Amino acid sequence: MGFGGKFADSLVVEQLDKISLSFLVDDLEIRRGGVGANITFGLGQLGLRPVLVGAAGEDFADYRSWLERHGVDCQSVRISESRHTARFVCTTDPTGAQIASFYPGAMSEARLVELGPIVGRVGEPDYVLVGADDPDGMLRHTEECRQRGYAFIADPSQQLAFSGGDLIRQLIDGASILFSNEYESHMIEQKTGWSAEEVLSRVGTQVTTLGKDGVRVQRAGQPTIEVTAAADVTAVEPTGVGDAFRAGFLAALSWDLGLERACQVGCVLAAYVVETVGTQEYSFTASEFLGRLETSYGADAAAEVGRHLS
Ligand SMILES: Nc1ncnc2c1ncn2[C@@H]1O[C@H](COP(=O)(O)OP(=O)(O)OP(=O)(O)O)[C@@H](O)[C@H]1O
Ligand SMILES: [Mg+2]
């Protein structure tokens, strides 16, 4: 919501023990989000059929039909009987001040979801990506991957700020891929107490996104791969770019393309998100996507990806 006045003018410092504030807002926008939904939406846009795992409330019905229309399998989303879907509610004033709340709600029930029966339904997964979620749920799903031998991807993002070193170590150790942005990669080192080399030694591939500067991919004992961001991008609103990058990167891996190509596909998908307001408001035809890929990374990239995009 957008408040036209200044929050600071409504706060009476001597009265903080009996706060009762109400703001008449001029603007309300409701946007879809959630890292799991954003990433699976992106995979769906590239023609894949990802399985969304998590917990939502009875109010999930509309969101479910939106995601299913865009290729996401939502059958394994647990629906809570007592709590609403997680949501972030934020009011901003013209000075950029914010009053916000995050309601985890049904998200806390993610810890009750077992992966085994889902794999029984859909078959062995290429990867299980464990994104920011209920921390107990993240831990349980990571553990289950280790026990059952599913390749897993650690993508703790927003949860890093709230997690201690012990939890982060358990979420990352043995991951096939570790995703983070540059800031988060430093937070991982700081909180786990592992050096950059040690983090790398504990994961198969470390993918670090660098905002407008693109992305870096590292594997122990191999040369670092750096890929620049897509060309001709007009940044409008960055929320969800990281999720879109992951979707593109993972789609390319599922097509058996190499790491450099995967970064290129990720950067082009991210470009669509940074150019729109909202995380799932973009669309493109296969030829538009391939055209952008060619402009940014050349004809070979477009030809190789074109064999998989329809
Ligand atoms: N201004 C930009 N111009 C072009 N590409 C961008 C820009 N910002 C981000 N990207 C693309 O998106 C990818 C992910 O960006 P970034 O590293 O900012 O992720 P993030 O910090 O996880 O974002 P968020 O958490 O807000 O989704 C980058 O690797 C790049 O390809
Ligand atoms: Mg991010």
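Predicted model: local features only at pLDDT ≥ 70, side-chain atom pairs only at ≥ 80, totals over all residues.
In helix 3 (residues 61-69), the buried residues are Tyr63, Trp66 and Leu67. Because these residues cover an arc of only 95° around the axis, they are placed on the same side of helix 3. The partner against which the buried residues of helix 3 pack is helix 2 (35-45). Just after helix 3, the backbone at Gly71 adopts a positive phi of about 90°.

Across the whole structure, a search finds 21 salt bridges. Among them is the pair formed by Glu109 and Arg78, in which the closest N and O atoms are 2.8 Å apart. This pair links distant parts of the chain, since Glu109 lies in the loop between strand 6 (98-103) and helix 4 (115-122), whereas Arg78 belongs to strand 4 (residues 77-79), with 31 residues separating the two. Glu109 is buried, at a relative accessible area of 7%, while Arg78, at 33% relative accessibility, counts as partly exposed. Arg78 and Glu109 are also linked with Arg83 in a network of salt bridges.

Another salt bridge joins Asp134 to Arg111, and its closest N and O atoms are 2.8 Å apart. Here, too, distant parts of the chain are linked: Asp134 is found in the loop between strand 7 (128-131) and helix 5 (135-148), and Arg111 in the loop between strand 6 and helix 4, the two residues being 23 residues apart. Asp134 is buried, having a relative accessible area of 5%, whereas Arg111 is partly exposed at 34% relative accessibility. In a further salt bridge, formed by Glu182 with Arg216, the closest N and O atoms are 3.4 Å apart. Because Glu182 lies in helix 7 (residues 182-192) and Arg216 in strand 11 (residues 215-218), the pair ties together parts that are 34 residues apart in sequence. Glu182 is partly exposed, with a relative accessible area of 34%.

When neighbours within four places in sequence are left aside, the contacts of Asp243 are with Val35, Asn38 and Ile39.

Positive phi values are also found in residues other than glycine. Asp232, which is not a glycine, has a positive phi of about 55° and lies in the loop between strand 12 (225-227) and helix 9. Its relative accessible area of 65% classes Asp232 as exposed. For Asp256, likewise a residue other than glycine, phi is positive and near 65°. Asp256 is situated in the loop between helix 9 and helix 10 (259-274), and it is exposed, with a relative accessible area of 71%.

How values were computed
Residues numbered from 1 in each chain as written. Chains lettered and ligands numbered in written order. Heavy atoms only, no water. Buried < 20%, exposed > 50% of the residue type's maximum accessible area, 1.4 Å probe, protein only. Helix = DSSP H or I, 4+ residues; strand = E, 2+ residues; numbered from the N terminus. Arc of directions from axis to C-beta. Contact = heavy atoms within 4.5 Å. Salt bridge = Lys/Arg side-chain N within 4 Å of Asp/Glu carboxyl O.
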